[in-house]
Amino acid sequence: IHFYKSIFRSMNTMFQSRGLKLIQSLGKSQQLKFIHTEPKKKFYKNVSIVQNNGKFEVNLDQRKLKTPMGSPFQIASEPLAQAVANEWSAQKGVINLSQMHVNGLCNTSIDNPGNTDKANLVASILSFLETDTVLFYGEEPPELMQAQVEKWSPIILWFRERFGVQVEPTTGFGVSVTQNDIKIMERHLMSYNWNALQGFAFGVDALKSIILTLACIERRVTVVEAVSLARLELLVQTDHWGSVEWAHDIEQHDTTARLAAATMFVHFNSAQNTIKSKNIQM
């Protein structure tokens, strides 16, 4: 790719800072919306999983778990039901729904609080491509460029070869994405079911990167590696200027937890995995 040749030739040249970081969130009606309530005291002792009419439910003592909008909590994947049960079992004195990411993804898939459809959900995911984290190179300090070329270039090349697209990184303000590239990625995402796409959307929002999320989903990188790559600029900047250690650690752990939940959600909704046991006491 000509881009990389020019980068290596001008490695010591200071590039103008983008000065603009487009931050996308799930606030649009087409994107995920999560409903959280104020923390409340834990009211149950035991968590169990039961099978009912081919789907799995989670019980808190003798109470059937329901979604925030009052729908029965019923999912097709037993491993995901186990993950949700583990999240409820891990709660201590109070119930912290904001940290129960698998539970939140299941609720969103069932309730669809944004009242969206599959096509709009795919469109909202694809909107991140033009501002993908790993496609923007060139901010100071100079060692950042070297780190970006070394760490990000192999992922971009993998993405291009894997999907047959022509996206290239930039040192400017925007990435040019062709309609053909959009159509290719749209076809790929539309091959997933509604539930799996919720996981994709959650992972892309956590990393602000379709490329890294797909690399993680397809096992090109691990969750930890994907998070480190998404935070590369921060890591280089803090190494250069120093950091607020506790704040950056919290952000890293939260992003890792979100991406891990998203990856699990995509995998278990893409292939139905069941375990024969009917009732598992946690």
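Tutor: With charges. A salt bridge is counted when a side-chain nitrogen of Lys or Arg lies within 4 Å of a carboxyl oxygen of Asp or Glu. Keep in mind that this is a predicted model.

Student: How many salt bridges does a search of the whole structure find?

Tutor: The general idea is that side chains of opposite charge can pair when their charged atoms come close. The search of the whole structure gives 6 salt bridges. One of them joins Glu-57 to Lys-64, with the closest N and O atoms 2.6 Å apart. Glu-57 is buried, because its relative accessibility is 4% and the cut-off for buried is under 20%.

Student: Which residue forms a salt bridge with Glu-251?

Tutor: Arg-231, with 3.6 Å between the closest N and O atoms. This pair links distant parts of the chain: Glu-251 is in helix α11, while Arg-231 is in the loop between α9 and α10, 20 residues apart. Arg-231 is buried at 8% relative accessible area, whereas Glu-251 is partly exposed at 37%.

Student: And what does Lys-208 pair with?

Tutor: Lys-208 forms a salt bridge with Asp-205, and the closest N and O atoms are 3.7 Å apart. Here Lys-208 is partly exposed, at 26%, and Asp-205 is buried, at 15%.

Student: Next, the rings. What describes a pair of aromatic rings?

Tutor: Such a pair is described by the distance of the centres and the angle of the planes. In this structure the search finds 6 aromatic pairs. Among them, Phe-43 and Tyr-44 are edge-to-face, 5.2 Å centre to centre with 80° between the planes. Tyr-192 and Phe-200 are also an edge-to-face pair, at 4.8 Å and 70°. The label follows from the angle, because planes over 60 degrees apart count as edge-to-face.

Student: Are the residues of these two pairs buried or exposed?

Tutor: Phe-43 is partly exposed at 36% relative accessibility, and Tyr-44 is buried at 4%. Tyr-192 is buried at 15%, as is Phe-200 at 1%. Phe-43 and Tyr-44 also belong to one aromatic cluster with Trp-88.

Student: Which residue lies over the face of Phe-163?

Tutor: Arg-162 does, at 4.5 Å from the ring centre. Phe-163 is also among the residues with the most contacts inside the largest nonpolar core, which has 50 residues. Helix α5 gives the largest share of that core, 10 residues.

Student: What does Ile-125 touch?

Tutor: Leaving out residues up to four places away in sequence, Ile-125 touches Leu-189, Leu-197, Phe-200, Ala-201, Val-204 and Ile-210.

Student: How should I read the sides of a helix?

Tutor: An α-helix has 3.6 residues a turn, so residues three or four places apart point the same way. In α4, the buried residues are Leu-121, Val-122, Ser-124, Ile-125 and Leu-126. They pack against α6, α7 and α8.

Student: Last, the backbone. Where does Asn-115 lie?

Tutor: In the loop between α3 and α4. Asn-115 is exposed, at 69% relative accessibility. Asp-61 also has a positive phi, near 55°; Asp-61 lies in the loop between β3 and β4 and is partly exposed, at 29%.

Technical notes. Residues are numbered from 1 along each chain as its sequence is written. Side-chain values use heavy atoms; hydrogens and water are left out. Rings of Phe, Tyr and Trp (its six-membered ring) pair if their centres lie within 6.5 Å; planes under 30 degrees apart count as stacked, over 60 as edge-to-face and the rest as tilted. Buried means under 20% relative accessible area, exposed over 50%, partly exposed in between (1.4 Å probe, protein chains only). A charge sits over a ring if NZ of Lys or CZ of Arg is within 6 Å of the ring centre and within 35 degrees of the ring normal. A nonpolar core is a set of buried Ala, Val, Leu, Ile, Met, Phe, Trp, Tyr and Cys residues joined through side-chain atoms within 4.5 Å. Helices (H or I, at least four residues) and strands (E, at least two) are DSSP runs, numbered from the N terminus. Contact means heavy atoms within 4.5 Å.
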